[in-house]
Amino acid sequence: MNEYRHLEIKFKNKIKEHFNKAIPNFLNELSVVKLSNTEEDTKFSFDLIFEMNVKLSVRIRENKYKLWNDLTIRSKNKGYKTELHKIIDGKGQFYFYAYMTEDENNLEKIYICDVKTIRNLYKKNTYNKERYNGDGTALIGFNFKDIEEESKKNNYLYYKSRKNK
């Protein structure tokens with residue numbers, strides 16, 4: 001399975017770096033703060049426990065696709081549930097989306113959004129026309145401008161790298 005996930009593995013530290021930049025504004029939504037128990041307080045010297053359980057979907061595209069300027073998700077597949085269907089069914093929490101640089105050694109145009117934004121836009125039919133591939137699969141694209149507007153309207157997490165052009 002790792003051969004299919006080589007980009008997530010290759011850019012794991014970059015993904016972490018950008019997600020850490022995105023989190024501060026949404027810490028309350030993402031975390032649970034609870035009082036430590038007596039043992040944790042007396043033996044380990046901490047009073048509060050800050051817990052985060054974040055589920056991040058990742059899509060990294062080749063540089064040539066950045067001209068589309070949209071978040072593209074597979075909408076049809078041969079016999080399997082697509083990423084879109086999983087999101088619509090309530091799976092996922094956040095989506096990390098980026099393009100590789102031309103030399104494929106770094107990332108650019110980096111976005112992170114709450115998948116609730118994608119669900120909302122899909123329900124409103126606010127996405128680009130489905131594009132079919134020659135292999136029986138298809139994709140739909142959500143414009144980043146629409147994602148940003150929907151995120152702000154609902155106070156959902158939305159992040160884009162300052163380097164985005």
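1. Met52 is partly exposed, with a relative accessible area of 34%, where partly exposed covers the range between buried (under 20% relative accessible area) and exposed (over 50%), judged with a 1.4 Å probe and protein chains only. Met52 has its place in strand S2; helices (H or I, at least four residues) and strands (E, at least two) are DSSP runs numbered from the N terminus.

2. The model is a predicted one, in which local features need pLDDT of at least 70 and side-chain atom pairs count only at pLDDT 80 or more, whereas totals for chains, interfaces and linings use all residues. Residues are numbered from 1 along each chain as its sequence is written, and side-chain values use heavy atoms, with hydrogens and water left out.

3. As to the overall architecture, the protein has 7 helices and 9 strands, and its C-alpha trace spans about 65 × 35 × 35 Å along the principal axes. Of the 165 residues in the protein, 39% are buried.

4. Val33, Leu35, Leu48, Phe50 and Met52 form a nonpolar patch on the surface, with about 520 Å² of accessible area together. Strand S1 (31-35) and strand S2 (48-52) are the elements that give two or more residues to this patch, and S2 contributes the largest share, 3 residues. Such a patch is made of residues with over 30% relative accessible area and no salt bridge, with nonpolar side chains (Val, Leu, Ile, Met, Phe, Trp, Tyr) joined within 5 Å; a salt bridge is a side-chain nitrogen of Lys or Arg within 4 Å of a carboxyl oxygen of Asp or Glu, and accessible areas come from the Shrake-Rupley method with a 1.4 Å probe.

5. The largest pocket has a volume of about 1,100 Å³, and of the 31 residues that line it, Glu8, Val58, Arg59, Glu83 and Tyr95 are the closest to its centre. A pocket is here an open set of points on a 1 Å grid, where a 1.4 Å probe fits, with protein on both sides within 12 Å along at least five of seven lines, and lining residues have an atom within 4 Å of a point. Strand S3 gives the most to this lining, with 6 residues.

6. The second largest pocket holds about 320 Å³ of space, and among the 16 residues that line it the closest to its centre are His18, Ile110, Ser161, Arg162 and Lys163. Helix H2 (12-22), strand S6 (107-114) and strand S9 (158-160) each supply at least two residues of its lining.

Methods:
Points joined across faces, edges and corners; volume = space filled by probe spheres on them. Patch = residues over 30% accessible without salt bridge, like charges linked within 9 Å, V, L, I, M, F, W, Y side chains within 5 Å.
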